[in-house]
Amino acid sequence: MKRIKVRSFAVTLMMALLIMFFTLMLFTNYGFVSIAESETSVKQSDELREDINKNNLRVDNAVESGIQDFIDVDDIESPFENLTIPSNCVINVYSSTQTILDSILSEAEFTIEGTISSNAGTFNINDYYDFADSNKFQIAEWAHKVGLISYEEKTEIYCDLLLEKKFNNVICLESIIDEIRVYSDTVDDIPFQDKLNAAVDPRSVFFYDESIASVDIVALSNELNYSSANFKIYYDASSIILADAIRVANFFESIRIKYYNMGFNYPKLEPSQSLYRVYLDPNSNGNTLGTTTKVNVSGNTCASYIYLYNFHSLNDQVRATIAHEYFHAIQNSYNHQSGWFKEACASWGAINTCDVYTNTLGWIMDFIANSTSISMHSLSGYDAVVFPLTIQRNYGGTDAILSIYKEYNKYSADIVFSSLTMVVSDGILHNGYSCNFSDAYKSMSAFLINPRVWLNSVIDTTKLFGVTPVKRRLTIATQSLNGSLDSFASTYLEIELPSGVSAGNVKMDVTFSSANGSIQTYTVDKNGEHQILYPKTSATGICNIERTDIGNEINTLIFVLSNTDFNSSITYTANISYSACNDVISFESNTRYVEEMCYISDGSYKEYSVNFATSGYKTMQLFSPFYTRIRLYSASGSLLASDSMSGYMTAGFICYKVDANTNYKIRVSGYETTINGYLKLSIIPAHGE
């Protein structure tokens with residue numbers, strides 16, 4: 001079990017001073033007391049458990065971070081997962097809780113005193129994490145996950161960041177506001193409830209006094225509005241001109257038509273409203289970002305309005321933001337479920353309706369380049385756009401996503417991850433493709449090895465500059481390794497072929513602790529052709545890949561190991577061997593019997609090169625529990641004989657007169673393309689020779 005500990009820092013002192021020091025620490029607000037040894041730490045972990053259970057917060061990386069030692073992991077999404085926590089790490093924090101809170105809320109870059117130790121070594125926390133590249137919401141989530149702040153403190157930080165409009169490195173606020181809304185239903189404290197309510201309504205201005213807490217809903221300082229056919233644009237005339245409001249309305253109208261032509265519903269309108277409301281916030285502090293605020297939430301759908309913060313003009317970034325937020329409004333008309341898949345599909349929608357999506361390309365590149373493994377539970381949503389793009393490419397274009405949302409409409413809005421997989425699987429199926437969530441996930445994992453090759457039909461991949469996932473290289477010196485994979489996670493093993501060894505002489509055996517483990521092969525041949533194969537894993541969690549699965553003439557060989565278990569992590573053992581099976585058979589004059597065993601997977605075959613020292617009839621026969629086919633070729637590739645199901649137990653059988661000292665090729669395979677299993681080839685002289 002992995003565990004994070006928050007430990008004291010002390011120099012070597014006399015025992016009396018040490019005891020006094022720890023006694024003092026129990027009554028201070030510092031966050032570096034040992035979880036294993038102090039009441040403060042026990043209280044901290046108890047609060048964490050209480051927060052999680054009370055608010056049904058999902059902590060997707062709890063297994064990774066070690067928090068699962070103290071809490072149960074639930075099934076509601078957290079909005080951010082960027083600051084990952086390494087396995088088997090120890091975090092020593094010397095900053096007080098108040099110092100941590102103040103640093104998150106300050107205008108300056110977040111800093112924290114402490115170290116993080118893992119298998120990779122011990123580092124200063126500020127050096128280990130690039131906090132400047134993360135937004136303050138992500139940092140607050142990270143601080144909560146490692147037990148430095150409570151869930152209530154994290155939520156209040158969310159509120160303060162929203163109300164003070166501290167949005168550096170933030171693109172969309174909907175997931176944050178949704179999480180605050182869910183939490184607010186559990187809060188009894190009236191002043192805190194008022195603060196929460198003010199934060200989730202972007203049109204609110206929060207005035208707080210310790211003696212009198214109040215929330216006043218106010219209009220923009222000099223509010224005017226412009227109405228088009230379907231939208232009402234509110235803007236502050238002191239900072240925004242009418243021409244910009246008109247441009248915004250016209251762009252919304254064009255996006256509305258594009259989504260409608262794709263088959264999607266219009267957003268639900270608020271009660272008593274005949275037009276969809278959009279607010280332009282003139283605050284010029286930072287980039288333009290948006291939130292689609294839910295209104296009259298009941299059942300599985302809801303109405304909404306859109307609020308654009310820091311509006312300057314209708315530039316490319318704002319166009320992409322509008323396309324993203326408007327798809328959120330459409331999603332709410334099917335199901336107002338939050339989480340990474342909703343954000344992923346909103347980014348997907350922007351790609352399909354807006355010519356400019358620089359931010360999305362950046363998310364994809366950062367996600368791939370920074371990943372030691374790909375995990376659905378560690379996606380923020382924006383970077384997960386590659387998942388609906390994969391579905392679009394493989395399973396029927398934009399209709400596939402539309403079909404998923406039609407399926408979504410049948411569910412309540414608080415579904416867990418396992419239900420999401422059913423929504424996606426049924427949506428793909430109803431769009432005419434026999435495929436499920438797990439298949440789509442595995443395709444995505446393989447596509448990420450080179451998205452420029454696989455996603456070019458649905459996105460302008462020329463701007464993805466050769467990013468690839470981080471891969472573990474297996475060489476002749478590292479032929480075996482053990483590892484683990486979280487639920488819906490993948491890792492990449494690149495085979496570095498020794499000099500003189502072709503891919504045809506490579507064999508990979510992987511044993512998973514569950515049948516939900518799977519392996520894919522990704523190859524690039526000498527002609528630059530990319531290929532992905534999906535061998536099946538047996539019911540006992542074993543997968544074997546041999547020469548005929550991966551071909552001969554290749555320059556690149558990568559194995560993708562995945563876990564498609566909904567709930568649990570799995571372990572694996574991978575072994576690579578060279579010349580693991582005999583591809584060349586010499587049948588000498590005194591040879592009376594040759595036998596070779598091989599493994600056949602979907603649609604594949606095994607080919608042997610055979611030289612007979614003597615001429616005459618030779619019997620070539622297969623033995624297998626399934627229907628098989630055998631073919632005999634000349635060295636130049638001409639088919640000489642072929643048979644299926646004539647031999648023992650419907651196996652392939654050939655009796656053919658061969659020439660002496662002549663090379664032949666024998667190809668063996670399953671009769672059907674869905675065959676997976678072992679078969680045996682035997683060669684003997686025909687009777688009488």
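Two strands are taken to pair if DSSP finds at least two bridges between them, and the strands themselves (E, at least two residues), like the helices (H or I, at least four), are DSSP runs numbered from the N terminus. By that criterion strand 2 and strand 3 are joined by 4 bridges and run antiparallel.

This is a predicted model, in which local features need pLDDT of at least 70 and side-chain atom pairs count only at pLDDT 80 or more, whereas totals for chains, interfaces and linings use all residues. Residues are numbered from 1 along each chain as its sequence is written, and side-chain values use heavy atoms, with hydrogens and water left out.

The protein chain has a mean pLDDT (the predictor's confidence in each residue, from 0 to 100) of 77, and 77% of its residues reach 70 or more. Among its elements, the lowest mean pLDDT, 28, belongs to helix 3 (residues 62–65), and the highest, 97, to helix 10 (residues 242–261). Over residues 1–81 the pLDDT stays under 50, and for this stretch the model has 166 contacts (heavy atoms within 4.5 Å) beyond four places in sequence. Residues 205–219 also have a pLDDT below 50, with 22 contacts in the model beyond near neighbours in sequence.

The protein chain contains 19 helices and 29 strands. Of its 689 residues, 54% count as buried, where buried means under 20% relative accessible area, exposed over 50% and partly exposed in between (1.4 Å probe, protein chains only). Of the contacts with a separation of 6 or more, 70% come from residues 24 or more positions apart. The accessible surface, from the Shrake-Rupley method with a 1.4 Å probe and, for residues, only the protein chains shown as cover, comes to about 28,700 Å², and carbon and sulfur atoms account for 48% of that surface.

The structure holds 0 disulfides, a disulfide being a pair of cysteine sulfur atoms within 2.5 Å. As for individual cysteines, C543 is buried at a relative accessible area of 1%, whereas C655 is partly exposed at 39%.

Strand 1 is joined to strand 2 (residues 114–118) by 4 bridges, and N92 has T115 of strand 2 as its bridge partner. T115 in turn has N124 as its bridge partner in strand 3, and a hairpin through 2 residues joins strand 2 to strand 3.

Strand 1 also takes part in covering the buried residues of helix 4, as do helix 6 (136–145) and helix 7 (151–163). The buried residues of helix 4 (residues 97–105) are T97, I100, L101, S103, I104 and L105. Helix 8 (residues 174–184) is mostly covered, with 9 of its 11 residues buried, including I176, I177 and I180.

A second open sheet has 5 strands in the order 6-7-8-10-9, with mixed pairing. Its edge strands are strand 6 (223–227) and strand 9 (289–298), and neighbouring strands are turned by 25° against each other on average, direction ignored. Strand 6 pairs with strand 7 (residues 231–236) in the antiparallel sense over 5 bridges, and Y226 stands opposite I233 in strand 7.

| Helix | Strands touched or crossed | Angle |
|---|---|---|
| Helix 11 (residues 316–332) | strand 7, strand 8, strand 9, strand 10 | about 10° with strand 9 |

**Two residues with positive phi**

Most residues other than glycine have a negative phi. S272 has a positive phi near 70°; this residue lies in the loop between helix 10 and strand 8 and counts as exposed at 77% relative accessibility. F488 has a positive phi of about 50° and sits in the loop between strand 13 (480–485) and strand 14 (489–495), but F488 is buried, with a relative accessible area of 0%.

How values were computed: Axes are lines fitted to C-alpha atoms, for helices over the stretch in contact, and angles run from 0 to 180 degrees between N-to-C directions.
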